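Please open the structure in a viewer and keep the selection tool at hand.

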Amino acid sequence: MRIALLTEGTLTNAQRGEGGWCGRLVDGLPEHEFRLYRLLPADRPAPPSGVRGLHGVHELPMWGRRPGGRGPTALRRRAYAKAYEELVRALVTPGERAGFGPALYRLAELGREDEALPAFLSSGHAHRALERIWRMPGADTAGGQPLVCDVLVAADLLEQCLRPLSAPWYGTGPAGLGGADLCHVVGGGPAALPALVARELHGVPFVVTEHGLHLREQYRGYRSAPYRWPVRALLLSFFRQLTEETYRQAAVLTPGSEYDRQWQQRCGGEAARTRIVHEGTTATERPAAGKEPEAPTLVWAGALEPGRDPELMLHAFARVRAELPAARLKLYGEESAPGYLAHCTAIAGRLGIADAVEFAGRPRSSAAAWESGSVVVFSALAQRSPRLLADAMLSGRAVVSTEVGVAREALGPTGLLVPPRSPRALAAACLALLTDHERRSRLGLAGRLRAQERFAVEPVVGAFREIYLDLVSRYPAFPARPGTQARPFARPAEYWVSGGTTPPQSAPAEKAPRAAGPALAEAL
Amino acid sequence: MTSAPADPVRELLDSNRALCEQAVDPLEIAAALEDSGLATDGADRYRHADVFGLAEELYARVPRRPPTREPLPPAAPLRTLPLAALRTATAHLLPLLPAATLGGLPGGTLAVLLGAGAGVLTGRRPDGAVGGVPDGEAGGAPDGAVDGWGAEQREPAPAPARRTVPWAALGQGAGTGLLLALLAAAAPRAALAAALGAATAGWAAAWLRRFGQRQGGAATLGEYRSRLRFALPLAVLAQLAALAGTGWAVAGGTPATGWAALLLLGTLPLLATAARDAGRPTAAAAAVLTAATGAALLALPGPAHWLGASPTGGLSAAALGPALLLAGTTWPPSTGPGAYR
């Protein structure tokens, strides 16, 4: 099977040396042909993907200076402007949301014909169209009318976001997305744009895997972005529409946790097409942590920032220390908010626990960090990723965590959950574990077994093996062109059984979700 | 035990009022509430099934009110004006030096080479592209830029811009060098005045750019255009006045054709910089090169002899057409906001 992996290239893929999540998937499924399509920042050196066994890597620079190129001819400009106006209208007018998808595909089609899309999007014509629609009555400008500077900034950002529409990746050649049997979007956002277009043009189905939702990160990131309200509103509306369209069109959604699934469902992801696939980690093969330290020690891990709430940990530890004077606390992690380490040190001093608290920075390895304590504590206000929790559980140490985000589903009954912002509850949970060796080791072992079962690599690979086969069996191997004769055995039997005699260009669009529902429910 | 308040959401609303007023979408409030430690059981307390329902209620109950004084994008600081003046003056005085001291063909060649070099060095200015979309913590990718230990936003330094040959700046610089060498051969004092006048041209071009950047607060593109409509003509007029002053001080007693050449050569840098800012570097280079080539052809012994014109007259005649054409092509784009990014 030919599978196109679409992703926004990130740095840690390379830093981890083994190709990260995509690398593990490609390693685990050697029977398929993978091609990697990456969106990269234009103004930074591209890290190597680090994924071995690929049949090709295609890269497209995004976020930065626009690549050169001529604008459309005067005749075609009107078609461009019309499609762009439709797109903007869908972004700013609450009642016109349905126009987003068609406008997007129209722009992609136009851009594919003459490759003038980026130049058009940064031209004065596009600025005027954007301004006209944005200032029309009915547009949602509750937070203020857009000014000229807003129009310019928003047009620039939209141009950057829409750059994948004019990627040279479409077509049915060996390197084109049309030649793939399915697309696998790893991580949502603009990386889903090529998959959407390939689905529209060539009928290629796609799977979306998200661990930590792109849309949620945009909402969080834009709060501190240096843009005015109208620009934020327009761009976030773009990301929301894009995400909704992606979830609507995706054949299968595979969020990494129940917590992410709720968000996806909120944004239009159908429950019947969703299957939670936990993020696999190679740390499951690591041996359990060795002997506990002599003194009862709490280990806290995470970035030193207000969101991780080390202050709560310090306050709780002061209470623990009052009951158990031999207790010690180690905080691992680097400062993410400037000056926060000094702030925490000052709090420790004020609470009179400075001699028992150690700020240990980044550990040599996470295993070493867990081994240095008797109990691992997470006091964060929000846990969006189960990665660190799972790593701690794999050490075989008992875990205490605040009950936010993914903590409940990751820990289950194998750890103690306490409400956030409650030093008393956290201290009680820590004391309960520190003073009860039998309970500590029982919970630790249970946690290790649970994490080994949930976060191993093999279930991930197995899940995607099934998902790929299931998907391809429901879609034609390649789209039939009108006028060509049907070739025997070009399509799987399931295609005919499901009544796939209508032209497949439109067939997958309507039929697939309905056909997918029961089949997937069974698979689940 | 106290009973629950009648309207528990009210409390939450008061503590998150700024967030709710500035939110663009209920999901933004939901994300922020989750960040502040509110989970599903927290939403129960406010009689909602989940955080999303609670966020929708908050979004509906608070009217949108963005921060009253949102900052406009910053314009170039005032100190860039004298710097730009200094840079342009240097780029014009440098080729004048060999032309005036050596003279003849070697001086002219050296002037062209120095002009091209100075054009490349001074023609580059920082690119004002808008930054990318802010990246959240995990960026959505499974192996996002987070491993949970903090300080994970270690991004590599931006790569140096790819070195391509800046043909337009090269051509413009070479043309300027040739024009100055020709003027220096005919009227050295006028050439000096023109080179000194380039300082005010640089100043005027930088002022024009700054003025354009400061008009970002205009409500519509039409209003922006009307504010910028007379900026370039005013800058040209001011430059002509400054050139007249410089010429009177430095090159008194120059014939009329010399004055014309001085004014034209002194205004060309302003027009060329404005054209380059407006995204037409090729037009700028073409105009300067056409003027220089025409002037060089007219300065050859043959044509000048046949026409019986003075050298400065030929120079003015060759530069007039390109200068006017350049002004004509630069004015319309210079009123648009795209020229001042």
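This is a predicted model: local features need pLDDT of at least 70, side-chain atom pairs count only at pLDDT 80 or more; totals for chains, interfaces and linings use all residues.

Residues are numbered from 1 along each chain as its sequence is written, while chains are lettered from A and ligands numbered from 1 in the order in which they are written.

**Helix α3 of chain A**

Select residues 74-92 of chain A, which form helix α3. Helices are DSSP runs of H or I with at least four residues, numbered from the N terminus. The end C-alpha atoms of α3(A) are 27 Å apart, in agreement with the 27 Å that its 19 residues should span at 1.5 Å a residue; the expected span is 1.5 Å times one less than the number of residues. Among its buried residues are A:Tyr80, A:Leu87 and A:Val92; buried means that 20 or more other C-beta atoms, placed from the backbone, lie within 10 Å of the residue's own. Elements covering the buried residues include α4 (100-114) and α10 (229-249) of chain A.

**Helix α3 of chain B**

Next, select residues 26-35 of chain B, where 10 of the 10 residues of helix α3 are buried. These pack against α9 (214-222) and α10 of chain A, together with α2 (17-22) and α5 (51-61) of chain B; contact requires C-beta atoms, placed from the backbone, within 7 Å. Just after α3(B), B:Gly37 has a positive phi of about 95 degrees.

**Annotated spans of chain B**

Finally, select residues 190-209 and 256-275 of chain B, which are among those listed by UniProt (unreviewed entry) as "transmembrane region". Such annotations may be inferred rather than shown by experiment. Residues 190-209 are 100% helix, with end C-alpha atoms 28 Å apart. Residues 256-275 are also 100% helix, and their end C-alpha atoms lie 28 Å apart.

Terms used
Helices (H or I, at least four residues) and strands (E, at least two) are DSSP runs, numbered from the N terminus. A residue is buried if 20 or more other C-beta atoms lie within 10 Å of its own, exposed if 12 or fewer, and partly exposed in between; C-beta atoms are placed from the backbone. Two residues are in contact if their C-beta atoms, placed from the backbone, lie within 7 Å.
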